[in-house]
Amino acid sequence: MSKKKLVLVDGNSIAYRAFFALPLLNNDKGVYTNAVYGFTTMLLKVLDDEAPSHMLVAFDAGKTTFRHKTFNEYKGGRQKTPPELSEQLPLIRELLDAFGIKRYELEQYEADDIIGTLSKQADPKEWDVKVITGDKDLLQLVDEHVHVALTKKGITDMDTYDMKLVEERYGLTPDQIIDMKGLMGDSSDNIPGVPGVGEKTAIKLLKEFGTIEEVLDSIDKVSGKKLKQRLEDNKEQAEMSKKLATIEIKAPVDVKLDSCEFVNEISDKVIKLFKELGFNSLLDRVDSGESEEGDTPTDEIDYEILEEVTMADFGSDAAVVIECLAENYHHGDILGMGIVSEKGKYFIPTDVALKSEAFIEWLEDEKIEKYAADAKQATVSLAWKGIDLKGVKFDALIASYLLNPSDSSHDIASIASRFGLKGVSNNETIYGKGVKQKVPEGKFLSEHIVRKANMLLQVVPRLQESLKKNEQDQLFYDLEMPLSIVLGKMEQQGVQVDVKRLEEMGTELNDQLEKIEAKIFELAGTEFNINSPKQLGEILFEKMQLPVIKKTKTGYSTSADVLEKLKDKHEIVEEILYYRQLGKLNSTYVEGLLKVVNRATEKIHTRFNQALAQTGRLSSIDPNLQNIPIRLEAGRKIRQAFIPSEKNWVVFAADYSQIELRVLAHIAQDDKLIDAFNNEMDIHTKTAMDVFHVEKDEVTSDMRRQAKAVNFGIVYGISDYGLSQSLGITRKEAGQFIERYLKSFPGVKQYMDDIVQQAKQEGYVTTMLNRRRYLPEITSRNFNLRSFAERTAMNTPIQGSAADIIKKAMVEMAKRLEKEKLKTRMLLQVHDELIFEAPKDELEKLEKIVPDVMEHAVQLDVPLKVDYSYGDTWYDAK
DNA sequence: TTAATCACGC
DNA sequence: GACGTACGTGATTAAC
């Protein structure tokens, strides 16, 4: 096994160096950037030269350190850090975060001590360590496996010291560097040393005697009367100086070396930051610097445009790109197809492809393994053409998402640039955007598509390797890949809509809205746009003088919770709330849904985004079918418009009961919660019992309501503020409430503490099926950012595991329906709920199968419970 | 075109 | 005590 390479950077030292080495640059916004720039060039050079597998940048923490206890004047008299430099330090931190490089600082310790501790922690059998600094003191750390690179002049020019070079330059062992500094002192750190002793004398003495102690013990033998006297007079000072100069190698650093793992990918964040900072030359460097041979968008690429496919001889392991211009692949034509494999690079015009039996056979051959950039997109857009794409074993989109859900885009160009590959332009460059979007002519189009396929082929092995390293193979191959096929089928199947019913609702809503509008105008004494928060605010809080409850950045808040509080102040408020409610129904649901109904089939085809939500959930767009109203009856009626697509069929809906809290019980291993679920207790009542210390029959409905809100908060990771809002209590009370909850459920408390610690150590949290979410902000000094990251750390494993479970259930369900040869179709997923349409005569079977599959998707230490129902419309399946 | 506000679901 | 507070999608308005 090859050794791991750890690079430790002395952040402050390098920042200082960079600042003073470079002229005071500033970018177009007037922000000083010279230190950041210098730091970045150093970083890029180190990444290039050292190719570290692990990396950490240490910073000095506060003003005082443990050394001040020894010597109050330590670092005294030092010039204050110039503000032009200190204002750049946060940017450097941001930069490191963008690079995904771990950074660390520790109260009472200096960066040196962190570096010393970590470098000595690294087992020489496993690690090679390289320290980057501008401070000679760190040379004391050099040993067989720890090397120190010292900046010479500028910042990128460095000498690497091993034991030999230290000996060569100083004639001393690394340990003796400390003694040297003890003797000669250090004016920059205000370490006194022995007056009159400089580097030369110090080295001479140490060569002769070995250490300060030995020098002092045998002062008699020192030659030179003056020197003798000076040593005699400054004995204690010399010893203290040595102590000050000694780097602590047992500092309480709570970083595991393995958590400093570093992957050298230039992320979008880095690019974005470089742009903000105006680092254009660096942009070019990261853009083209590391690309493979013949691999930039301007380099030529050799490919064949096929005018006919009689023999589909593309081999296996082929990258397939089915290009659609329309964002919505349910309608919109295929622009063309790109195939790249060992056999060659090809562009196939859509018409050529569609009339080639051989090619279609190739696409449909399960045994021919293919790679896709977006498998669901490719599958569904081909399905609309009657082609059943099969054999897709790798989807780059999903792989990229699993590796880091927070990356902003997972298209081929973005993935490629993260690996430092630049052989493909992004879609926007080729097609433009907005109104200017158009398909480029001839070669531009085919070349772009082929480049994509070509790049796909290159990134696949890299993505595979990363997945393996993260132990996400199973998650990818056994869960998300099969799920994408299932989702594609659900999308293409679509949901039948009762258009007439929707239109009726629309007419009715419009009538009502008109009436309410008239009434509001009358009450207000004037006409205005009720939909404009600005105008509404003016009417309510200026003209009508209602009390201002809350303000927003731009004016008065008119949100529902504010209006709710003003209800009894004026009749108009209730009318406005009602107007809002109906307005929302009409515009978003009635009109919105009608807009996306396929007029020929009267079906709606949503698209599930499988690579977006940070927690692992799905999302649904065009339209969003995961937020169809249910809470209020008026809205719930919208569901009457969702009907089965065949006669004598029903809508069948099954949902997990309290899946998140069950997952929490399991993950946290909280005995009380586990018991509660094992005994099929009402979980909110049980929570109320424990939090309020009352018996079951003493739980009032208000207690239960509050307990429910707390449970809600636990599941969604809301803050004390969030809870205070939902319960209408103060933040303090909400905080105490949460505390009481955690006291009542010590297992949960333990879990919450542990998971935050873990996130700090590893930099990410995981779900039951090893989905990851990185939380770089968990070490932020900004309270808000850090708190948010902490809550996310607690919440993501819960919500994400729940997402894992229902996804697994969906894959199993699809298999089961097929195996049992049922006609029932899965249509929608709404986070903890699956919606089917089913022939009535399959109901009996479904009532067994659906709960069975869903409840046994995974094995937890508490039972999973599924409720189900069915009816003639979605509304009736309640 | 973009940001801000609001509202719907889980 | 900061400061803006689960995740999404979508409609609307208003300023650019």
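**Figure 1. Pairing of strands β13 and β20 in a predicted model.** Strand β13 (residues 495–497) is joined to β20 by two bridges, and the pairing is antiparallel. Strands here are DSSP runs of E with at least two residues, helices are DSSP runs of H or I with at least four residues, and both are numbered from the N terminus. Two strands are said to pair if DSSP finds at least two bridges between them. Opposite Q496 stands I643 of β20. Both strands belong to an open sheet of four strands, ordered β16-β17-β13-β20, with antiparallel pairing. β16 (597–598) and β20 (642–643) are the edge strands of this sheet, each pairing on one side only. The model is predicted, so to speak of local features requires pLDDT of at least 70 and side-chain atom pairs count only at pLDDT 80 or more, while totals for chains, interfaces and linings use all residues. Residues are numbered from 1 along each chain as its sequence is written, chains are lettered from A and ligands numbered from 1 in the order in which they are written, and side-chain values use heavy atoms, with hydrogens and water left out.

**Figure 2. Overview of chain A.** Chain A has 36 helices and 26 strands. Its C-alpha trace spans about 110 × 75 × 60 Å along the principal axes. Of the 878 residues in chain A, 53% are buried. Buried means under 20% relative accessible area, exposed means over 50%, and partly exposed lies in between (1.4 Å probe, protein chains only). Among the contacts in chain A between residues at least 6 apart in sequence, 68% join residues at least 24 apart. A contact means heavy atoms within 4.5 Å.

**Figure 3. The six-stranded sheet around β10.** This open sheet has the order β7-β10-β9-β8-β11-β12, and its pairing is mixed. The edge strands, each pairing on one side only, are β7 and β12 (392–395). Because four of the five residues of strand β10 (residues 344–348) are buried, β10 is largely enclosed by the rest of the structure. Strand β7 (residues 304–305) runs parallel to β10 and is joined to it by two bridges; I305 has F347 of β10 as its bridge partner. Strand β9 (residues 334–341) runs antiparallel to β10, with five bridges between them. In this pairing G338 stands opposite F347. β9 and β10 form a hairpin, with two residues between them. Elsewhere in the sheet, strand β8 (residues 318–324) pairs with strand β11 (residues 370–372) in the parallel sense over three bridges, and A318 has K370 of β11 as its bridge partner.

**Figure 4. Strand β4 between two parallel partners.** Six of the seven residues of strand β4 (residues 127–133) are buried, and the strand is mostly covered. Strand β1 (residues 4–10) runs parallel to β4 and is joined to it by six bridges. K4 stands opposite W127 of β4. Strand β5 (residues 146–151) also pairs with β4 in the parallel sense, over five bridges. Here I132 stands opposite A149 of β5.

**Figure 5. Helix α33 and its buried face.** The 14 residues of helix α33 (residues 731–744) should span 20 Å at 1.5 Å a residue, and its end C-alpha atoms are 20 Å apart, which agrees. The expected span is 1.5 Å times one less than the number of residues. The buried residues of α33 are A734, F737, Y741, L742 and S744. Seen down the axis, they fall within an arc of 160°, so they line one face of the helix. The arc is that of the directions from the helix axis to the C-beta atoms. The exposed residues K732, E739 and K743 are on the face turned away from the buried side. Among the helices that the buried residues pack against are α28 (659–668), α31 (701–716) and α34 (746–762).

**Figure 6. Nonpolar cores and the surroundings of Y656.** A nonpolar core is a set of buried Ala, Val, Leu, Ile, Met, Phe, Trp, Tyr and Cys residues joined through side-chain atoms within 4.5 Å. The largest has 191 residues, and I348, F359, Y656, L664 and Y741 have the most contacts inside it. Leaving aside neighbours within four places in sequence, Y656 is in contact with residues including I805, I806, M854 and L864. A second, separate core has 51 residues, among them L6, A202, I219 and V253.

**Figure 7. D179 and its contact with K242.** D179 is found in helix α8 (residues 174–184). D179 is buried, with a relative accessible area of 3%. Its side chain makes a polar contact with the side chain of K242 (2.8 Å). A polar contact is a pair of N or O atoms within 3.5 Å; within protein, one must be able to donate a hydrogen and the other to accept it, and residues adjacent in sequence count only if both atoms are side-chain atoms. Not counting residues up to four places away in sequence, D179 touches L206, T211, I212, E213 and K242.
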